[in-house]
Amino acid sequence: MTQQRRSTTKMVPVPSHSIVPERDVDKMPVLEARHLGIDFGGLKAVEDFNLTIGKTEIAGLIGPNGAGKTTVFNLLTKVYQPTSGTVLVNGKDTAGMNTVQANKLGVARTFQNIRLFGNMSVEDNVRIGLHNQVPYGMFSGIFRLPRYWKQEKQQHRRALELLSIFDMQDMASAKAGSLPYGAQRRLEIVRALATNPSLLLLDEPAAGMNPHETEELMDSIIKIRDQFQIAVMLIEHDMRLVMGICEGICVLNYGRIIAKGTAEEIQNDPTVIEAYLGRRKEDVQ
């Protein structure tokens, strides 16, 4: 089913010389990275990175280990400040912003290494993501005024709604650290969604998952895009996942983009096959 959904998406060019899904062509891109770069002690980790992501696009960022993929995510989320270039989120320049400000602007992410609060409950981990949507002030919170209890009930309901995306609502009271690895991966995605993003960055979301869990994850990412009407960008080494759901794919090698296009174009690009896929195109089909 996921393969059929992806194959029906038509990608069209936009003025920035990129491609976005046809359904997003009349909407402002959720992300525009222009000539983005960063140096570490004279070493160019990322150089002249240009990418446009449509409002509801599922995009992929792939490349060999050490290509600079996570560094790109760190630049987009303001963990690192670029030494060159610009990042626009929903048309707004993120220059000078920190990670909290970037998140409030609409960029959320997960990490290669799971970063949950293991001793806290599943629900409380999600509610941490809801923190920037709490309207009551410190006074109401300290004295437990009616406004506080009303918002607490709303936060509880919202956390369970988000957990239901992965059928995890029955795990709400469990300790996050006690969950199986795959469930912890899914919880981290739910917590990121709780921040109400317009762009969700997933860093190797299928890592450690078995084939059945990966299939479920593919369906869930599409469900998230459709339900929340947001864009999703993922770093992933599982080529079946990438080619199965990603509409636009960017290939990075030694910090530079070597190819951009649809799944079919990337699979048949000789530069990509040589640099990343090891000349074995059949591995990603």
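How much space lies in the second largest pocket? About 150 Å³ of space lies there. This is a predicted model, so local features need pLDDT of at least 70, side-chain atom pairs count only at pLDDT 80 or more, and totals for chains, interfaces and linings use all residues. Residues are numbered from 1 along each chain as its sequence is written, and side-chain values use heavy atoms, with hydrogens and water left out.

A pocket needs a definition. On a 1 Å grid over the protein atoms alone, a cavity is a set of points where a 1.4 Å probe fits but cannot get out, whereas a pocket is an open set with protein on both sides within 12 Å along at least five of seven lines. Lining residues have an atom within 4 Å of a point. Grid points are joined across faces, edges and corners, and a volume is the space filled by probe spheres set on the points.

Stay with the second largest pocket. Its lining has 15 residues, and Ile19, Leu51, Ile249, Lys260 and Gly261 lie nearest its centre. At least two lining residues come from each of β4 (43-53), β5 (58-62), β11 (248-253) and β12 (256-261). Strands here are DSSP runs of E, at least two residues long, and helices are runs of H or I, at least four long, numbered from the N terminus. The largest share, three residues, comes from β11. By class, the lining of the second largest pocket divides into six nonpolar, six polar and three charged residues. Ala, Val, Leu, Ile, Met, Phe, Trp, Tyr, Cys and Pro count as nonpolar; Asp, Glu, Lys and Arg count as charged; the others, Gly among them, count as polar.

Now turn to the largest pocket. Its volume is about 540 Å³. The lining has 21 residues, with Asn103, Arg109, Phe111, Arg191 and Thr195 nearest the centre. The elements giving two or more residues to this lining are α3 (99-105), β8, α4 (122-129) and α7 (181-193). α3 gives the largest share, five residues. Nine of the lining residues are nonpolar, seven polar and five charged.

At Phe111, Arg115 lies over the ring face, 3.9 Å from the ring centre. A charge sits over a ring if NZ of Lys or CZ of Arg is within 6 Å of the ring centre and within 35 degrees of the ring normal. Arg109 forms a salt bridge with Asp203, the closest N and O atoms being 3.7 Å apart. Asp203 lies in strand β9 (residues 199-203) and Arg109 in strand β8 (residues 107-109), so the pair ties together parts that are 94 residues apart in sequence. Both partners are buried: Asp203 has 1% relative accessibility, and Arg109 has 12%. Buried means under 20% relative accessible area, exposed over 50%, and partly exposed in between (1.4 Å probe, protein chains only).

Side chains of opposite charge can pair when their charged atoms come close. The cut-off for a salt bridge is a side-chain nitrogen of Lys or Arg within 4 Å of a carboxyl oxygen of Asp or Glu. The structure holds twelve. One of them joins Arg225 to Asp226, with the closest N and O atoms 2.6 Å apart. Arg225 is buried at 10%, while Asp226 is partly exposed at 35%. Shared partners join Arg23, Arg225, Asp226 and Glu247 into one salt-bridge network. Another bridge links Lys27 and Asp24, with the closest N and O atoms 4.0 Å apart. Lys27 is partly exposed at 39%, but Asp24 is buried at 2%.

Next, the aromatic rings. A search of the whole structure finds one aromatic pair. The ring centres of Phe40 and Tyr80 are 5.3 Å apart and the planes stand at 75°, so the pair is edge-to-face. Rings of Phe, Tyr and Trp (its six-membered ring) pair if their centres lie within 6.5 Å; planes under 30 degrees apart count as stacked, over 60 as edge-to-face, and the rest as tilted. Phe40 is in strand β3 (residues 31-40) and Tyr80 in the loop between α2 (69-76) and β6 (84-89), 40 residues apart. Phe40 is partly exposed at 38%, and Tyr80 is partly exposed at 30%.

Finish with α2. Seven of its eight residues are buried, so α2 is largely enclosed by the rest of the structure. Among the buried ones are Lys69, Phe73 and Leu76. Lys78 follows α2 and has a positive phi, near 70°.
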